[in-house]
Amino acid sequence: MEVISSINSYTGEKIADYQLFNDRQVDSTLQAAAEAFLPWSIFGIESRASLLRSVSQKLLEKKETLAALITAEMGKVTREARAEIEKCAWVCNYYADNTLCFLEPKTIETNYSRSFVAYNPLGTVLAIMPWNFPFWQVFRAAAPILMAGNTMILKHASNVSGCALAIEKLFAECGFPRGVFSTILVRGVETAKIIADKRIAAVTLTGSTPAGESVAATAGKYLKKCVLELGGSDPYIILDDADLQQAADKCVTGRLINAGQSCIAAKRFIVVDSVYDEFLHHFIEKMKKATTGDPTLEATTYGPLANRTFREDLHQQVLTSIQNGAKALIGGTIDSETCPLYPPTVLVDVKPGMPAYCEELFGPVASVIRAKNVDESIQIANDTMFGLGAAVFTRDIKLGTLIAEQKLRAGCCFVNDFVKSDPRLPFGGIKMSGYGRELSIWGMHEFVNIKTVAVNTI
């Protein structure tokens, strides 16, 4: 039977081998989810909430062990891995506390004796999840999907199979009935066949834009609801009245979280001409202080990229940008041939057509771009096929809010902070960053039947 291996991204050592599911095992998992759906959908919101709170508690009890697994499989520094587990516990409690309100029928006044909107679960949702936040990405989907009364099957990235199975075990240990949450270990090429299966009602994917295009095509062919959270090239605008020290702090933090391997990481820094040199000075000084190395050490700022192929792809984007006129003021070189570390890198003289301008750089590489004024900074920010997150830094809160609300074309826009997800706020993008929303009430309503009920009294 074919196996996939989990490899420690820093040491290169094998962690474990996992057997891929055969057709019979996939079918059995799909059938168990289908059979679990009806009893789970009528289980009661408070009963579902009680189980989800148990998962939250178990996550915190096992935080150190689970964080160590994240660090081993994909290289996230341990303190960030701990924070990821804590955030998963938060989202579980958030939906346990709020689902009753979110799914309460809404009365609509019409000519009928009674008319209202009800929210019914759809069935089994296939969740295709990435490796970069191997617990958070799963839980931000699972908490609302399961609390709404759906069942869920997880197809996780192959390099974090240990995380996928650990999550399945958590749900089982906390008393979730068989089939309500399941993991399948299959290759990515197998997902189209699973989406097509009549027992799958909907699909949610977090991943690359090409992966999203493929899933959307299959889901569209079979008329199945899907939510896509895809890539990003988030622009951060720094205006002439910004607190440049604070802006540099936030921008560096936003760029280096998870070694820059985040769809909502800060990637393009667009600075108005009058403060460009000063901001660049502060930014470079802070980037220079970042240390990459052993992710288990508390002093390490960020760990390795997930594997050598990802590092080679990132480095090629940097080299191509330099060959086309960009300059690397720091970084841009590879020191280790074995471990996929990449240094903090700052590129300037970045122009349209370069990878550093128009592509997603999935690693600790920052493109700093000069703009003549506010209007040009907004134009550059929007000059991208992506539309996930964006930020603006300014002391003029009225102007910053106006730019964030009306001028920046992205799904999440922040003023004087880096972009981050929050269970209380909807999360998602536009353009090639995908469609649909996760989190908050809107994330839950993506995977329910928003049903009109109209009643005439005889």
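Leaving aside neighbours within four places in sequence, with which residues is Phe139 in contact? In this predicted model, where contact denotes heavy atoms within 4.5 Å, Phe139 touches Val55, Leu59, Cys88, Val91, Cys92, Pro144, Ile167, Leu170 and Phe171. Residues are numbered from 1 along each chain as its sequence is written. Because the model is predicted, local features need pLDDT of at least 70 and side-chain atom pairs count only at pLDDT 80 or more, while totals for chains, interfaces and linings use all residues; side-chain values use heavy atoms, with hydrogens and water left out.

Phe139 also belongs to the largest nonpolar core, which has 126 residues; together with Leu59 and Phe135, Phe139 touches the most other members. A nonpolar core is defined as a set of buried Ala, Val, Leu, Ile, Met, Phe, Trp, Tyr and Cys residues joined through side-chain atoms within 4.5 Å. Buried denotes under 20% relative accessible area and exposed over 50%, with partly exposed in between (1.4 Å probe, protein chains only). Helix H4 supplies the largest share of this core, ten residues. A second, separate core comprises 18 residues, including Ile200, Val215, Ala219 and Cys226. In soluble globular proteins, nonpolar side chains tend to be buried together.

Helices (H or I, at least four residues) and strands (E, at least two) are DSSP runs numbered from the N terminus. The 16 residues of H10 should span 22 Å, and the end C-alpha atoms of the helix are 23 Å apart, which agrees; the expected span is 1.5 Å times one less than the number of residues. H10 has a kink of about 30°, centred on Phe279, the bend at a residue being the angle between axes fitted to the seven residues ending there and the seven starting there. Val275, Tyr276, Phe279, Leu280, His282, Phe283, Ile284, Lys286 and Met287 are buried in H10. The buried residues of this helix pack against H9 and against strands E10 (234-238), E11 (266-272), E12 (327-330), E13 (345-348) and E14 (365-371).

A salt bridge requires a side-chain nitrogen of Lys or Arg within 4 Å of a carboxyl oxygen of Asp or Glu, and the count by this rule is 25. One of these joins Asp249 and Lys286 (2.9 Å, N to O). This pair links H9 (residues 244-256) with H10 (residues 273-288), its partners being 37 residues apart. Asp249 is partly exposed, at 38% relative accessible area. Salt bridges that share partners also join Asp23, Glu190 and Lys193 into one network.

The side chains of Arg140 and Glu438 meet in a further salt bridge (2.8 Å, N to O). Here distant parts of the chain are linked, 298 residues apart: Arg140 lies in H5 (residues 136-147), and Glu438 in the loop between E17 (434-435) and H15 (440-445). Both partners are buried, Arg140 at 3% relative accessibility and Glu438 at 5%. By contrast, Glu64 and Arg82, which form a salt bridge of 3.0 Å, N to O, are partly exposed, at 45% for Glu64 and 21% for Arg82. Glu64 lies in H3 (residues 63-74) and Arg82 in H4 (residues 78-102), so this pair ties together parts 18 residues apart in sequence.

Asn258 is located in the loop between H9 and E11 and is buried, at 2% relative accessibility. A polar contact of 2.8 Å connects the side chains of Asn258 and Lys76. Such a contact is a pair of N or O atoms within 3.5 Å; within protein, one must be able to donate a hydrogen and the other to accept it, and residues adjacent in sequence count only if both atoms are side-chain atoms. Not counting residues up to four places away in sequence, Asn258 touches Met74, Lys76, Glu80, Asn132 and Phe133.
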